[in-house]
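Here is a quick tour for someone meeting this structure for the first time. Have a look at the model, then read on.

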Amino acid sequence: MWPTAIATAARLVVGTVVVLATLWLLDAIAQHRVTAWLSTSASRALVLAATSETPYRWKLRSGEDIVAGRVFGAVDISFSDAGLSIRSNG
């Protein structure tokens, strides 16, 4: 009776330790991944701010690429080989 109870208790303890270790490792990995992502994201934002760039890019090729075929509030809009030119009152 005792050897079976001890073996069962030992398996339960080992199983609990394995589950807790797995949870701890998963938490550590998740923290590492989030920290790395935040660091990369912050670095990119700082570089963009330092160079007066924007994180937003639009690849416009024609007038149909703009909502409703026009830029709202724009006085003049034209496409050329050099890109999109928008002139506004504001």
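## A first look

Leu-26 sits in helix H1, which covers residues 2-50. Helices (H or I, at least four residues) and strands (E, at least two) are DSSP runs numbered from the N terminus. This is a predicted model: local features need pLDDT of at least 70, side-chain atom pairs count only at pLDDT 80 or more, and totals for chains, interfaces and linings use all residues. Residues are numbered from 1 along each chain as its sequence is written, and side-chain values use heavy atoms, leaving out hydrogens and water.

The protein chain has one helix and two strands, in the order α-β-β from the N terminus. As for pLDDT (the predictor's confidence in each residue, from 0 to 100), here are the two ends of the range:

| Element | Mean pLDDT |
|---|---|
| H1, highest | 92 |
| E1 (residues 74-80), lowest | 68 |

Over the protein chain the mean pLDDT is 80, with 71% of residues at 70 or more.

Is Leu-26 buried or exposed? Leu-26 counts as exposed because its relative accessibility is 51%; the cut-offs are under 20% for buried and over 50% for exposed, with partly exposed in between (1.4 Å probe, protein chains only). Of the 90 residues in the protein chain, buried ones make up 2%.

Contacts (heavy atoms within 4.5 Å) tell a bit more: among those in the protein chain with a separation of 6 or more, 3% are between residues 24 or more positions apart.
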